[in-house]
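Okay, thanks everyone, let's get going.

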Amino acid sequence: MVKAHGRCNLACRYCYLYAGPDHTWRTRPATASPAVLDRTADRIAEHAAAHGLDALSLVLHGGEPLLVGAERLGRFAALVRDRVGPGRAVHATVQTNATLLTGHRAAVLARYGVRVGISLDGGLPAHNALRTDHAGRPSWPAAARGARLLAARHPEAYAGILTVVDPRTDPVELYESLLALRPPALDLLLPHGNWTAPPPGLPGGDPGRHAPGAGRATPYGDWLCAVFDRWWRAGRREVRVRLFEECVALLLGLPGATESLGLDPVNAVVVETDGSIEQVDSLKSAYDTAAATGLDVFHHTFDDALRHPGIAARQAGAGALAATCRACPLLTVCGGGHYAHRYRAGHGFGHPSVYCADLDRLVRHVAAALDTALGGGAR
């Protein structure tokens, strides 16, 4: 994941990156310099060669990456492909709020083979009321225009929509409103919260008091179950929903590939605008400098990053989880939940997810649907 631009043209009121506890972005340059991008391409090629990788994922991120221009993003993707050489696929994606997406920019990205992922809170203006610019103006008109333009003119470059779950919304209405934007895939993400700073509607404090079966409400699990039922019962796959497909795969004993579920080791690293190598951004929701490693692309390899204690801990599978997680029958599916959601100030990350009960609700619900579909064969 490469930070092409470290600032954003929006000021979403819930943003964990710019309105959260981590302030490291304030001291970094707004854009990644040509030297940083050149050295990053070298490091990517070095790592791919050292490990014999035949494919890798390159995510161009921000802030809002389109602030640097589509041409510069495309040229960097081309540079990485050139440096890794033939025979190694580079799956490049830019993650954008779509407000700056024009026909020309979409065409440029498509020409360079860069797919476009869009971040939205839903498919209606009311869903996106908190996504405003720095003057408080709504972002929805421009974002909707960008999403529809991409779907109409460059569907081959449309990677999908990323949406953060808000249990205050009508789940089926929100899902169907996103379908109207014709995404090939949806990512439904739980808001980044933890036991010290819990997400809206959930209790914090002592994780032991809020385990599944303790009687607490599961608003996020209930919301996801409602969307799952609408998706599962559609009679055809209207759209890929990554969280649901990963859950089904893990229940069937297949490997997973998401941070939110399963025990697969973390496989992403971030290069910041100044060349710093960091852990994934979600950790910044825990505390200031939580994602820092002290490494940078000018002096360190990505293998150095793999040896960093914070990243190594996330390569350890079940061994890095709380005892209650290791004893849970849903361990191989839930995987303890997202790492950032396990944090408790003064006690680290050795806890179940703050969404433990919600994940239990979702996984058991999906398992029951799968069991019914298989005529009891999933038991």
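When I say contact, I mean heavy atoms within 4.5 Å. Helices (H or I, at least four residues) and strands (E, at least two) are DSSP runs, numbered from the N terminus. Housekeeping: this is a predicted model, with local features needing pLDDT of at least 70 and side-chain atom pairs counting only at pLDDT 80 or more, while totals for chains, interfaces and linings use all residues. Residues are numbered from 1 along each chain as its sequence is written, and side-chain values use heavy atoms, with hydrogens and water left out.

So, helix α3, residues 103-111. Which of its residues are buried? Gly-103, Ala-106, Val-108 and Leu-109 are, where buried means under 20% relative accessible area, exposed is over 50%, and partly exposed is in between (1.4 Å probe, protein chains only). The cover over those buried residues includes α2 (70-84), β3 (89-96), β4 (114-119) and α4 (140-153).

Next, Thr-24. You'll find Thr-24 in the loop between β1 (2-3) and α1 (34-50). Is Thr-24 buried or exposed? Buried, because its relative accessible area is 14%. Its side chain has a polar contact with the side chain of Arg-28, at 3.3 Å. By polar contact I mean a pair of N or O atoms within 3.5 Å; within protein, one must be able to donate a hydrogen and the other to accept it, and residues adjacent in sequence count only if both atoms are side-chain atoms. Leaving out residues up to four places away in sequence, Thr-24 touches Lys-284, Asp-288 and Thr-289.

Now Trp-195, which sits in the loop between β6 (185-189) and α6 (219-232). Trp-195 counts as buried because its relative accessibility is 3%. A polar atom of the Trp-195 side chain lies 2.8 Å from the backbone oxygen of Pro-352. Trp-195 and Asp-206 are 11 residues apart along the chain, and 7.3 Å separates their C-alpha atoms.

The grid is 1 Å over the protein atoms alone: a cavity is a set of points where a 1.4 Å probe fits but cannot get out, a pocket is an open set with protein on both sides within 12 Å along at least five of seven lines, and lining residues have an atom within 4 Å of a point. Points are joined across faces, edges and corners, and a volume is the space filled by probe spheres set on the points.

The second largest pocket comes to about 310 Å³. Its lining has 22 residues, with Pro-212, Thr-324, Cys-325, Pro-352 and Cys-356 nearest the centre. Elements giving two or more lining residues are α10 (323-326), α11 (331-334) and α12 (356-373), and α12 has the largest share, three residues.

How many cavities of 30 Å³ or more are there? Two.
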